[in-house]
Amino acid sequence: MVAGMLAVTMNANASLPSTPSGWSLVWADDFTGAANTLPSSSNWIIDTGTQYPGGPANWGTGEIQTYTNSTSNLRQDGNGNLVITPIRSGSGQWTSARIETQRSNFKPPSGGELRIEGRIQMPNITGAGAAGYWPAFWALGAPYRGQYWNWPAIGEFDIMENVNGINSVWGVLHCGVNPGGPCNETTGIGANRACPGSSCQSAFHTYRFEWDTNPQQLRWYVDGQLYHTVSQAQVGEPHWTNMTSHAGYFILLNVAMGGAFPNAVPGGQTPTAATVSGVPMLVDYVAVYQTGGGTNPTTPPPTTGNPTTPPPTGGRDAYSPIQAESFNAQSGLQTETCSEGGLNISHIANGDWARYDNVNFGSSAPRDFVARVASGAGGGVSGLVEVRLDSPTGQLLGNFALANTGGWQSWQTIPGAAGGVTGTRTVYLKFASGQPADFVNVNWFHFRR
């Protein structure tokens, strides 16, 4: 097994492929970090345990492993791969790993297309030894974060799924209501086929999903070969709108063990005593592209460097909109006329911040926060909108990632998880990016219980 894994590792690409003609790169991770390191925390959230806080047990699927942030289960290999390895302990307990993008706003521009793509080798195990293996590359609708009971209405795109080491890739759409509905839940609308050339398990293959807004259509590919299509007409309303009109999607990579899908194929419980421990899924890269939707407007000139909505003299209610330009202090920010009325803060780049005093959270912690944001950032430019306590480097309550929304006045309301604070506190909006360019404007924000 070790020799086989070494041979596979050498097949990783040294860098991202060239951006496909007609597309622009929105976001990517090539997993080029040092050996035995976790993937970038700027790009990924590592899920741990057996469920989201307050969400359904066993991640809602019946899978039996516990997800960890241990490099035994999740690591970069130093050769351009992310390695996710399920492991069975001596007492029979399984651990594995699951990660999801910080960004949750992947969606096509109006009139354009979105493309999510990954080059992946499934765990290289077949037959009885593969019973219960469930690798996946997929996306969930942003409103799922912090709520966890609105599935499948918010949408799920399974770009690559496989169970039990079968030489096949499944592409599945989950939508509507559960059970039944337009997507026949809990099964979904799916299709599958064998991987072209080499088997899915023995080699890397490129798995691609496209969301087209003209016509309204979803498409699944393996190694460039189309094998599954779902149209708006198949799903119908209000279900299509419910899964396409929110802020967008976040991307996930994981290897589960057992659960409804792998159990259904043999008609029995998986994994079994014959299941082999320690066979990894390898991910060479994940990339998101878009095309169409017109050109992005340039940054409008600022109107002033100071707020004209003065800070309140008393307290602020954490659960009512806090106008971004009503800061008590700031670093690096400007304000400008907002297309939605009043002003917004603008020209925001890495390291900038705004301070809001006397924010009253009451006696119970919030479940999340939302912010009204816009971005005309260039291709490949993105960053994090963070909420912190007491200083720009204080306790991180939550964040979300943002890239181009279609223009500096093309506003979207985006949620980010938040919690662990009560009483009256000083709140900072802090902005972080790996690029020096401006990446976001903010109109307002508030917290939600």
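Guide: E340 is partly exposed, because its relative accessibility is 38%. This is a predicted model, and the values below are computed from it. The side chain of E340 meets that of R372 in a salt bridge, at 2.6 Å from N to O. The two residues come from distant parts of the chain, 32 residues apart. E340 sits in the loop between β22 (334-337) and β23 (343-348). R372 belongs to strand β25 (residues 368-375). R372 has a relative accessible area of 18%, so R372 counts as buried. The cut-off for buried is under 20%.

Now take D390 and R425. Their closest N and O atoms are 2.7 Å apart, and the pair forms a salt bridge. D390 lies in the loop between β26 (383-389) and β27 (396-402), while R425 lies in strand β29 (residues 424-432), so the bridge ties together parts 35 residues apart in sequence. Here both partners are partly exposed: D390 has a relative accessible area of 42%, and R425 stands at 26% relative accessibility.

A network comes next. Salt bridges with shared partners join E113, R208, E210, D212 and R219. One of its links can be given in detail: the side chains of E210 and R219 meet at 3.0 Å, N to O. E210 is buried, because its relative accessibility is 4%. R219 is buried too, with a relative accessible area of 10%. Side chains of opposite charge can pair when their charged atoms come close.

Step back to the whole structure. A search finds 14 salt bridges. The chain is divided into domain 1 (24-291) and domain 2 (316-448). By these bounds, E210 and R219 fall in domain 1. E340 and R372 fall in domain 2, as do D390 and R425.

What is the count of salt bridges between domain 1 and domain 2? The count is 0. On the side of domain 1 that touches domain 2, the residues divide into 4 nonpolar, 6 polar and 1 charged.

The domains do touch. In domain 1, 11 residues are in contact with 14 residues of domain 2. The area buried between the domains is about 1000 Å², and carbon and sulfur atoms give 49% of this area. Q102, R103 and N105 supply 38% of the area that domain 1 buries against domain 2, more than any other three residues. The C-alpha centres of the two domains lie 30 Å apart.

One further site falls within domain 1, at T270. T270 lies in the loop between α4 (260-264) and β18 (281-291). Its relative accessibility is 3%, so T270 counts as buried. A polar contact of 2.6 Å joins the side chains of T270 and N263. Leaving aside neighbours within four places in sequence, T270 is in contact with A131, G132, N164, G258, G259, P262 and N263.

Key
Residues are numbered from 1 along each chain as its sequence is written. This is a predicted model: local features need pLDDT of at least 70, side-chain atom pairs count only at pLDDT 80 or more; totals for chains, interfaces and linings use all residues. Side-chain values use heavy atoms; hydrogens and water are left out. Domain bounds come from an automatic or database domain assignment. Contact means heavy atoms within 4.5 Å. Buried area is the accessible area (1.4 Å probe) that two parts lose on being put together, summed over both. A salt bridge is a side-chain nitrogen of Lys or Arg within 4 Å of a carboxyl oxygen of Asp or Glu. Ala, Val, Leu, Ile, Met, Phe, Trp, Tyr, Cys and Pro count as nonpolar, Asp, Glu, Lys and Arg as charged, and the others, Gly among them, as polar. Buried means under 20% relative accessible area, exposed over 50%, partly exposed in between (1.4 Å probe, protein chains only). Helices (H or I, at least four residues) and strands (E, at least two) are DSSP runs, numbered from the N terminus. A polar contact is a pair of N or O atoms within 3.5 Å; within protein, one must be able to donate a hydrogen and the other to accept it, and residues adjacent in sequence count only if both atoms are side-chain atoms.
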